[in-house]
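Trainee: I am new to this structure. Can we go through it in short steps?

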Amino acid sequence: MNTSVVICVYTEDRWEDIRQAVESVERQTRRPYELILVVDHNPDLHLKLKREYPDVIVVENTHEQGLSGGKNTGVATATGDIVAFLDDDAVADAGWLEALEEGFQDPGVVGVGGRTEPIWASKRRPRWFPYEFDWTVGCTYRGMPEVRAPIRNVMGGNAAFLREVVSEVGGFHSGIGRSVQGRKSRPLGCEETEFCIRLSQRRPGSVMLFEPRALIGHKVSGQRETFGYFRSRCYAEGLSKALVTQEVGTQDGLSSERAHALKTLPLGALRGVGEALKGDVGGLGRAGAIVVGLAWTAWGYLVGSVRLKVVRS
């Protein structure tokens, strides 16, 4: 099998990030079949990238503006058997692509996701930031498997799929994940969650695999290290989950979230209190953030669900 790597980009403000992402792909121990940069409706950036990377496939997003449209354009452009996605503000470990490809050797596997570690702008993790909520900054979080294992859905910034399967089930749906409006105002997500669930529903027996050896580092900006962003991201996740459940049903759409909310988060809050009693004052902050994060996510889901009912009526 050969792999096409797709990086979706949208702004010149991330020029240095894009450069580092591209270089990390070019340093892979197993070279990609092709590297595709999909530019989201930004002609100046498209021209600049074509000049900078003459050996890379640089294309404009031909679908609806936003991340889902960019990914669909990447899949349509790709010619490899596998399509791997890397965030434009991420850096892949040298063995990332090899580990992703090896995951497809297991029978029934149609998608493989890797481990994503945060690269904090402040050089260190905020003491109040709970590991259980690393998903708010696009990273692997406490509660996910620690070894190779089947999972419900992969995380979109570090994932690979069989190309023919993506096209077969209709690609990524717009209106759930980040759009231009979402980038500027509300940090929505979940397009890969809905896609993975929809794929599994339409192709029973399909396996999504978590492969922790497929490692990348994801840059966390200073703005995303703030408690204000944390709360807004949790609320936006709730809104997105309401859209997901409308598409795929609450049983599949909330299966992982129920387990996380009922088991992982209470244990995390207790752990934080225990760490505080042992002298780590940040433990109280982490316990409090877990409570706030769960409440804001649930509130976002409730608001999103009510809005959808009003629209349907």
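Trainee: Is Cys196 buried or exposed?

Mentor: Keep in mind that this model is predicted. Buried means under 20% relative accessible area. Cys196 has a relative accessible area of 0%, so Cys196 is buried.

Trainee: How many disulfides does the structure hold?

Mentor: A disulfide is a covalent bond between the sulfur atoms of two cysteines. The sulfurs must lie within 2.5 Å. For the sulfur of Cys139, the closest cysteine sulfur is 14 Å away, in Cys234, so a bond is ruled out there. Cys196 is in no disulfide either, with the nearest cysteine sulfur, that of Cys190, 11 Å away. The count of disulfides in the structure is zero.

Trainee: What is the relative accessible area of Cys139?

Mentor: Cys139 falls in the buried class. That class takes residues under 20%. For Cys139 the value is 0%.

Trainee: How is helix 10 oriented to helix 11, roughly parallel or roughly antiparallel?

Mentor: Helix 10 covers residues 255-277 and helix 11 covers residues 282-312. Their axes are 6 Å apart, and the packing angle is about 155°. Angles over 145 degrees count as roughly antiparallel. Helix 10 is therefore, relative to helix 11, roughly antiparallel.

Trainee: Which residue class has nine members in the contact of helix 10 with helix 11?

Mentor: From helix 10, the residues in contact include Leu265, Val273 and Glu275. Helix 11 brings residues including Arg286, Ile290 and Leu294. By class, three residues are polar and two are charged. The class with nine is nonpolar.

Trainee: What is the handedness of the crossing of helix 10 and helix 11?

Mentor: These are the two helices with axes 6 Å apart. Where helix 10 passes helix 11, the crossing is left-handed.

Conventions: Residues are numbered from 1 along each chain as its sequence is written. This is a predicted model: local features need pLDDT of at least 70, side-chain atom pairs count only at pLDDT 80 or more; totals for chains, interfaces and linings use all residues. Side-chain values use heavy atoms; hydrogens and water are left out. Buried means under 20% relative accessible area, exposed over 50%, partly exposed in between (1.4 Å probe, protein chains only). Axes are lines fitted to C-alpha atoms, for helices over the stretch in contact, and angles run from 0 to 180 degrees between N-to-C directions. Helices (H or I, at least four residues) and strands (E, at least two) are DSSP runs, numbered from the N terminus. Angles under 35 degrees count as roughly parallel, over 145 as roughly antiparallel, 65 to 115 as roughly perpendicular and the rest as oblique. A crossing is left-handed if the near helix is turned anticlockwise from the far one by less than a right angle, and right-handed if clockwise. Contact means heavy atoms within 4.5 Å. Ala, Val, Leu, Ile, Met, Phe, Trp, Tyr, Cys and Pro count as nonpolar, Asp, Glu, Lys and Arg as charged, and the others, Gly among them, as polar.
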